[in-house]
Amino acid sequence: MEYFNAFWVGGAICAACQVLIDKTKLTPARILVSLVVLGVFLQGIGVYQPVVDYAGAGATVPLLGFGYSLAKGVAKAVAESGLLGVFTGGVTGAAGGIAAAIVFGCLFALLAKPRSKS
């Protein structure tokens, strides 16, 4: 059942984003940034944690989950370090995702064969 919940919640998030791309004049970049900000906001008011508990990776893998990770990291760092945690917590909380994006981006850049213009 965990896989099914992850699948339908993650799919619903992706489907909603696809509708935004298709039906609005918002650029994909604005939609992506909006998702991260929405994830931070929803975690900040305590709404997103129950979604993560229910859907697992279906809620943490999309960009809403990146915002969730940032907010969770900031909250933890503020509790431990005070005001300085506002500046360091987000990066610490999302370090795994950031590192994976950099490593896989470099790997695929090395492996990809660019098309030649004809």
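Student: Why is glutamine 43 called buried?

Tutor: Its relative accessibility is 16%. Buried means under 20% relative accessible area, exposed over 50%, and partly exposed in between, with a 1.4 Å probe and protein chains only. Glutamine 43 therefore counts as buried.

Student: What kind of model is this?

Tutor: This is a predicted model: local features need pLDDT of at least 70, side-chain atom pairs count only at pLDDT 80 or more, and totals for chains, interfaces and linings use all residues. Numbering starts from 1 along each chain as its sequence is written, and side-chain values use heavy atoms, leaving out hydrogens and water.

Student: Where does glutamine 43 lie, and what does it touch?

Tutor: Glutamine 43 is in helix H2. Helices are DSSP runs of H or I with at least four residues, strands are E runs of at least two, and both are numbered from the N terminus. Contact means heavy atoms within 4.5 Å. Not counting residues up to four places away in sequence, glutamine 43 touches Tyr48, Gln49, Tyr68, Ala71 and Lys72.

Student: How many helices and strands does the chain have?

Tutor: Seven helices and zero strands. From the N terminus on, the elements run α-α-α-α-α-α-α. Along the principal axes, the C-alpha atoms fill a box of roughly 60 × 35 × 30 Å. Of the 118 residues, 25% count as buried.

Student: Which residues make up the largest nonpolar core?

Tutor: A nonpolar core is a set of buried Ala, Val, Leu, Ile, Met, Phe, Trp, Tyr and Cys residues joined through side-chain atoms within 4.5 Å. The largest one here has twelve residues: Val9, Ile13, Cys17, Ile31, Leu35, Leu42, Tyr48, Val52, Ala55, Ala59, Leu64 and Tyr68. Helices H1 (2-23), H2 (28-44), H3 (48-55) and H5 (63-81) each supply at least two residues of this core. In soluble globular proteins, nonpolar side chains tend to be buried together.

Student: What makes leucine 64 buried?

Tutor: Its relative accessibility is 8%, so leucine 64 counts as buried. Leucine 64 is found in helix H5. Beyond four places in sequence, leucine 64 touches Ile13, Leu35, Leu38, Gly39, Tyr48 and Ala59.

Student: Is threonine 60 buried or partly exposed?

Tutor: Threonine 60 has 30% relative accessibility, so it counts as partly exposed. Threonine 60 lies in helix H4 (residues 57-60). Its contacts, leaving aside neighbours within four places in sequence, are Val52, Gly65, Phe66 and Tyr68. Threonine 60 and alanine 6 are 54 residues apart in sequence and 9.3 Å apart in space, C-alpha to C-alpha.

Student: How do you know that asparagine 5 is buried?

Tutor: By its 8% relative accessibility, so asparagine 5 counts as buried. Asparagine 5 lies in helix H1.

Student: Why is H3 called oblique to H5?

Tutor: Their axes come within 11 Å and cross at roughly 120°. Axes are lines fitted to C-alpha atoms, for helices over the stretch in contact, and angles run from 0 to 180 degrees between N-to-C directions. Angles under 35 degrees count as roughly parallel, over 145 as roughly antiparallel, 65 to 115 as roughly perpendicular and the rest as oblique. H3 is therefore oblique to H5. Tyr48, Gln49 and Val52 of H3 make the contact with Leu64, Gly65, Tyr68 and Lys72 of H5.

Student: What makes H5 and H6 oblique?

Tutor: H5 and helix H6 (residues 85-93) pack at an angle of about 135°, with axes 7 Å apart. H5 and H6 are therefore oblique to each other. The residues of their contact divide into five nonpolar, eight polar and no charged. Here Ala, Val, Leu, Ile, Met, Phe, Trp, Tyr, Cys and Pro count as nonpolar, Asp, Glu, Lys and Arg as charged, and the others, Gly among them, as polar.
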